[in-house]
Every structure is written in C-alpha cells, then in structure tokens.
Amino acid sequence: MLDSNQELIKSFHGLYRELECSNFIMSNEVITKILKFITTNEPLFFIYKHANQNFDFDSIFNESMVTGRLKLPDDEYKVIVFVTKLLLDIDRGKIDYFNFLKNTFPRIDLNDSYYDFCISIIYPYVKAFEKLLSVADRVVAIENVEQVKSLPRQLVEMLQSNIVSVYEQLAEDKTLSELARQEITVILEGLNISVETGNVVLIKSLWLGLKYALVANKAYTSQVKAFENELKNYSII
C-alpha cells in the first residue's frame, strides 16, 4: 500500500505505461496487476466502492453505446464503474477479449486495436482516478494551514450519515444536470474528508457550498436542515 495519493497516481501511470507498451497477448497479466492495484490501495478502492454504489453498469453501458460506438461518459465515477467492470470481465474470461478489441476498435492490425483500447479506455480510466484523488489532496493541503480539532464521534457519525443520504438521493435524482451532480459530488467528497479530519474552517466553507447548491431544490430541504441543525448544535456554525 502506498503512502500518498501522489505516489498512487505516479504508480498508476506506471502501470498504464506498462500496459501501453505491452501487446494483446501479454496484456492480460498487466490488467490483472491493475485490478489488484486498485483493490489493495484503500484510496482507490474507496473511490471504486462509492462509484459502484451510486451508478449502475448497465445504464452506463447504454449511455456509452447510444451512438452505436463506444464512448466513455464524462463523469469520472461512471468511467470508473464502467471500465472496472470491463476489466474484471476480461480478467475472468467473461468477455472474449480478442473479439471485443476487433469489434470495438476495428483495425487491420490487432495491435493497433489494442493501442486504441489503451488510449480510449484505460488512459481516461487512470485520469478519472487521478482527478478524484487530486480533489482529496487539495482538501489535505488546506487542512495543513487551517484550524483542525477533534470532533465528537457522535457529530462525525451524524454528518457522515447525512452525506451518505445526499449521495443516495443524487444517484436517483433525474432533475439534476450531470454538471450539477458532479459539482455537488465533489463538495460532498471534500466535506466527508474535512469531517473525518476535524477541519472546522473547511467544514464551514464546504457546508456553505453544499447549502447553496441544494437549497433551491426542495427535495433536499430535510438534508439541508439536518446538516444545519447538527452544525449549530455543536457550535461549528
């Protein structure tokens, strides 16, 4: 397990380069290494678990194939759900890897199809993890200069329960644009980290961002009030 997100990103890019420099015949071994890398490094696995809980592979697949050709979604979490499932199915033999490459990336030379697969599928996958890890790093950087204190465990659990509640509602909310959903998700990720680390100043800032992102939508009124009451009760705001 690596010690920092920067090290994770660097190592993940190293695995990608190994895959890109490989070939179709040898790539199964590298795919297995990538999957093991994700499951054995907690920050990556946390992102995958969160994504997998909130997005359904079948619906993402239908979105991605709407034009008849594979196009990855713009949402990083959806990319992670889609590509992880794809790699797992290749690794377990549930997908005919050879036919998948030839049909999805039709080229005369199979190795050209394989290269397209790396550039079009795996590289955006690595970048999706990198972007989400970078959000966590920006939060940590702020924590180094802001006020940090130990929060009561009861407050932490209540706030995290509210965060999960909003996550779940976001996943089902068809009224929000994808951009709005992504922005609120980033705020929630930062808020969860700041709650865990007891960064009071950052909690206040992210709470305001979350409040104004949700307050216009009456469906979230109960969550907004719950957050506000808990923060007021513990003199955070």
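**Close-up 1. Thr104 is a buried residue, with 15% relative accessibility, in this predicted model.** Buried here means under 20% relative accessible area, so Thr104 falls in that class. Thr104 belongs to helix α6, which spans residues 97-104. Its side chain reaches the backbone oxygen of Phe100 at 2.7 Å. When residues up to four places away in sequence are not counted, Thr104 touches Arg69 and Leu70.

**Close-up 2. Helix α9 (residues 178-197) packs with helix α10 (residues 200-214).** The angle between the two helices is about 150°, and their axes are 9 Å apart. Angles over 145 degrees count as roughly antiparallel, and α9 and α10 are therefore roughly antiparallel to each other. The crossing of α9 and α10 is left-handed.

**Close-up 3. Residues in the contact of α9 with α10.** From α9, the contact is made by Ile184, Ile187, Leu188, Gly190, Leu191, Ser194 and Val195. From α10, Leu202, Ile203, Leu206, Trp207, Gly209, Leu210, Ala213 and Leu214 take part. Of the residues in this contact, 12 are nonpolar, three are polar and none is charged. Gly counts as polar in this division.

**Close-up 4. Ser235 has a positive phi although it is not a glycine.** The phi of Ser235 is about 60°. Ser235 lies in the segment after α11 (221-233). The relative accessible area of Ser235 is 62%, and the residue is exposed. The cut-off for exposed is over 50%.

Methods
Residues are numbered from 1 along each chain as its sequence is written. This is a predicted model: local features need pLDDT of at least 70, side-chain atom pairs count only at pLDDT 80 or more; totals for chains, interfaces and linings use all residues. Side-chain values use heavy atoms; hydrogens and water are left out. Axes are lines fitted to C-alpha atoms, for helices over the stretch in contact, and angles run from 0 to 180 degrees between N-to-C directions. Helices (H or I, at least four residues) and strands (E, at least two) are DSSP runs, numbered from the N terminus. Angles under 35 degrees count as roughly parallel, over 145 as roughly antiparallel, 65 to 115 as roughly perpendicular and the rest as oblique. A crossing is left-handed if the near helix is turned anticlockwise from the far one by less than a right angle, and right-handed if clockwise. Contact means heavy atoms within 4.5 Å. Buried means under 20% relative accessible area, exposed over 50%, partly exposed in between (1.4 Å probe, protein chains only). A polar contact is a pair of N or O atoms within 3.5 Å; within protein, one must be able to donate a hydrogen and the other to accept it, and residues adjacent in sequence count only if both atoms are side-chain atoms.
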